[in-house]
Amino acid sequence: MPFDSLRSLRAFDSERPKAMSESAKRASRMGYVEAKDLHKHFGEVHAVDGVDLSVNQGELLVLLGPSGCGKTTLMRMIAGLEEPTLGEIWIAGERVDQDVPPRARGIAMVFQGYALYPHKTAFRNISFPLEAIGKSPTAIREAVDWAATMFGIRPLLARRPRQLSGGERQRVALARAVVRSPRVFLFDEPLSNLDAQLRAIARFELKQFQREIGTTTIYVTHDQVEAMGLGDRIVVMNKGKVRQIGTPQEVYDNPADTFVATFLGSPPMNLVEHDENTLFGFRPELFLPRPTFPPHEDIRVYHLRVRQVEHLGAGRLVYGYLEEESRSDQPVIAGLPVTIRTPIAEDQVYEFAVPRRAMRYFDRRTGLKRQDGPA
Amino acid sequence: MTARRVVRVLKQIGLYSAAAAFTGLAVFPFYWMLVTAFKEDNDLYVAATMRAHIPWIFNEPPTLEHFQYLLGDTAYLAWVRNTILVGAAVVVITLVLAVPAGYALARLTGRWGERLGIGIFLTYLIPPTLLFIPFSRVIAVLGLQNSLWALVLVYPTFTIPFCTWLLMGFFRSIPRDIEEQAMIDGYSRLAAMRLVVLPLAVSGVLTAAFFSFTLVMQEFVYALTFISSVGKMTVSLGIPVALFRDVFNWGAMMAAALITSVPIAIVYNLFIDRFVGGLTAGAVKG
Amino acid sequence: MAQPNEAQPLVQLAAATFRRRTLADREGVLGRLLLAPAFLYVILVVGVPFVLAILLSFSAARSGSLSFSWVGLSHFSTIIADPQFQLTLRNTLVFTIASQVLVMILATAAANVLDAAFFGKRAVRMLILLPWAVPVSLAAMSWAWIFDSTFSVINWTLRASGLFQGWLYWLGDTELAMIAIIIVHVWRTFPFATVVVLAGMAAIPLEIREAAVIDGASFWRRLFQVNLPLLLPVVTVAVLFGVVFTSTDLSVVYLLTRGGPYNSTHVLASLAFQRGILGGDLGQGAAIALFLLPALVVVAIVMLRLARRAEVGA
């Protein structure tokens, strides 16, 4: 959302103090989304395998995971497009999983391909949800106008979807989502169809828009950058199960298990075997040449045999193996910022180090995080 | 370089003569219809033993007399009317039943629906030949002998399976997202189908309607079995059966065949690709 | 942050539509409901006569009377012993197999021609499709005229070109009549097979075809090792349809020869029509027609196999 349209949104509101007060009243009843022990089985496949989730009112929660992890199925169950095999779904204090169809759940969803109705104009696309609830033509025109202004698409209202660019389609889809004031927004990878340059801008605008409007939002993506950038909290999923829920920083800094550790971060967290019970984990960007650390810092030093150096402009990626007395077959990656200029040559051995406070410990068998390192 | 060019030219010649041969084979009977329909009887009925008389061309000026006879002195127009009436009724019955069924099989019934869909399609393969004898009994019991209603009742037995299958393919090709979006936007599954899916499936429904109609036009066996009076016949029955009574009636018969089949053949070409696409979807995809 | 009419939609939602699930939301029930009318129609109007066909074949039913006396397998034993029936069964097989083998060859060739780029391709494709689009009975009449005993244009052309000086009684001679029937069946079904094969060729990914060309495979190796194996399922579909249409067709034989000369070109369909409808022996007619069933069952099984394979492959 460009800022001028946000400003017009504010202006629109200030002209309507009555709407403000209704919104305030509504806020107190506005609910959250909750999933309790939710399962979805497709034959033998357990797409969602016992998920508990509580979405706070007004927050933007990101469901993150590789494809096939169950995040989309989970969202579709919340939307009512799939029926849970087992478990409960609550929206705003109302149990919806058994008898409330999608149309009555007070949700709006933006699909990956935007799912605009190809035979309807942008105007009719946006007005379609309002027609469903039998609004008067005047009210519909007013509301569409409001939503179109917010997203800066008023000049495009007469066009059909195929006459719109990718970014314009997304705006129409968003306008259609907000127009009927849903309790919850559901986004299913809405940015994945945009090219990389547009995506960063769209992400920023989306976040701005969600903050402004304050509607509880669930956002599905497999892109960790998107998840980190957008989410108030991130839910990391794998194989139908929730692996970790937390703020982006928590999930990144303190991964609950080795899956989360290696799924987040690019390049992922290094995992090296310490002994038969323990894996050490440390982020590449904190694995740096020893001289970069001040002398008093508590660090753990490794010998790194460098195999390859990649110059990425914004820094260097150093690929190599740890050289220890017993073995030298553990691959690690170090991510050096441009500010570190230490020359590094391939096939040489260097001293690299990790601050001890940045080291994480995992159980080698279960992959789960442990509080402390080995004795 | 030149040798290669010669090979290329030869290939081109081969290609064009093959195309010409196939076209000739396909078109020859139609050419023969055309020539016959416009020839004077004197020009038509010359024994082929007369080498000097070339049957391929007009030896006398073309004439419209066969068409005048056909339209004035035969029941041809009644047959056309009967065909249109039966065809329209069958198309309506077929669409009313096959559109919901095709949609249900495409979207609502999951795996058992897929099996059932194949089952329904297979009934299309049960030919009239197997059923016309028991049908003659059923029609007699219902008192529908020699009635167009018999055809209206029976023809949907092959148009419904066929169109259900065809429409199932069309509905499957519409992205699910769009109707799910409509369901989220406040509509029931049924309303989503009506307001969003059907408008997008118009071309599919038209295709189904067209093929139902042509199947009706082409049907011969049931019409032959159920209809006995000339005034109640359809074109595909009346032309070969009722016009044949007079042996030297080839001019009128070919005139009738020509003006009946050419319009259908032209429209057919507009629909054939969708038809084949729907029919072979399974096999081609695999 | 607020929107206009903030709280209204939900209120209206409750007022305008049912908050709870209705029939129109229940997918399982809705699916059955939408399917039921078509399903019932087909079951009633195909299933009942189908069962009746089997019952009739065990009965002495005659048209006109409503008697339905059980005669067991006597129709079957009568017709199997009947040389006319044996000939008819053989004719049905000969017509079907001969025409479909020819169709397979012609259609693959024609599809290869139509797959190439040349001037006037659209027109050629449209013209090649004509025989399929036209009602069979009308096309059959055109052929009957072409094969006319006195005025046959084929005979004139053969004589005029000096190729053959004798006289061919196309529909008056048993062997010639059979050839004529096969010609008409081939002419009628090859366009459809061509279009189906063409669709199958279009579905072969271009990379595969290009890869074969780049690998230096000759035309024949490409044809036999790349194109034909990939086309097999589609060609099978085309041939199966051809088999069904040809083996069960009544109109071509009925209109060209009426089973003649001397009942030598009858097929199951025309014999069933002659005995059952014209002769009034419904029981025997039904029994004759039922001999088509095994072939149709085989076709259905192959179709199901193909469909399942497509399902697994998809």
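**Strands, spread and contact in a predicted model**

Phe280(A) stands opposite Tyr361(A) in E18(A). This is a predicted model.

Biologist: What makes strand E12 and strand E18 of chain A a pair?

Modeller: Two strands pair if DSSP finds at least two bridges between them. Here 4 bridges join E12 (residues 278-282) to E18 (residues 360-363) of chain A, and the two run antiparallel. So they count as a pair.

Biologist: Which sheet of chain A holds E12 and E18?

Modeller: An open one, built from 4 strands in the order E11-E12-E18-E19, with antiparallel pairing.

Biologist: What makes E11 and E19 of chain A edge strands?

Modeller: Each pairs on one side only. E11 covers 270-273 and E19 covers 369-370 of chain A.

Biologist: Where do the domains of chain A lie?

Modeller: Domain 1 takes 3-253 and domain 2 takes 268-370 in the domain assignment. Their C-alpha centres lie 40 Å apart.

Biologist: Now chain B. How many helices and strands does it have?

Modeller: Chain B has 14 helices and 0 strands.

Biologist: Why is chain B called more spread out than a compact globule?

Modeller: Set the value against the rule. The globule rule gives 19 Å for 286 residues. The radius of gyration of chain B is 24 Å, well over that, so chain B is more spread out than a compact globule. Its C-alpha atoms fill a box of roughly 75 × 75 × 30 Å along the principal axes.

Biologist: What share of the residues of chain B count as buried?

Modeller: 55% of the 286 residues. The test is 20 or more other C-beta atoms within 10 Å of a residue's own.

Biologist: What share of the contacts in chain B join residues at least 24 apart?

Modeller: 74%, among contacts between residues at least 6 apart in sequence.

Biologist: How many residues does each chain bring to the contact between A and B?

Modeller: Chain B brings 13 residues and chain A brings 18. On the chain B side, helix H9 (176-184) and helix H10 (189-200) are the elements that give two or more residues. H9(B) gives the most, with 6 residues.

Biologist: What is the make-up of the side of chain B that touches chain A?

Modeller: Its residues divide into 7 nonpolar, 3 polar and 3 charged.

Methods: Residues are numbered from 1 along each chain as its sequence is written. Chains are lettered from A and ligands numbered from 1 in the order in which they are written. This is a predicted model: local features need pLDDT of at least 70, side-chain atom pairs count only at pLDDT 80 or more; totals for chains, interfaces and linings use all residues. Domain bounds come from an automatic or database domain assignment. The radius of gyration is taken over C-alpha atoms; the globule rule is 2.2 Å times the number of residues to the power 0.38. A residue is buried if 20 or more other C-beta atoms lie within 10 Å of its own, exposed if 12 or fewer, and partly exposed in between; C-beta atoms are placed from the backbone. Two residues are in contact if their C-beta atoms, placed from the backbone, lie within 7 Å. Ala, Val, Leu, Ile, Met, Phe, Trp, Tyr, Cys and Pro count as nonpolar, Asp, Glu, Lys and Arg as charged, and the others, Gly among them, as polar.
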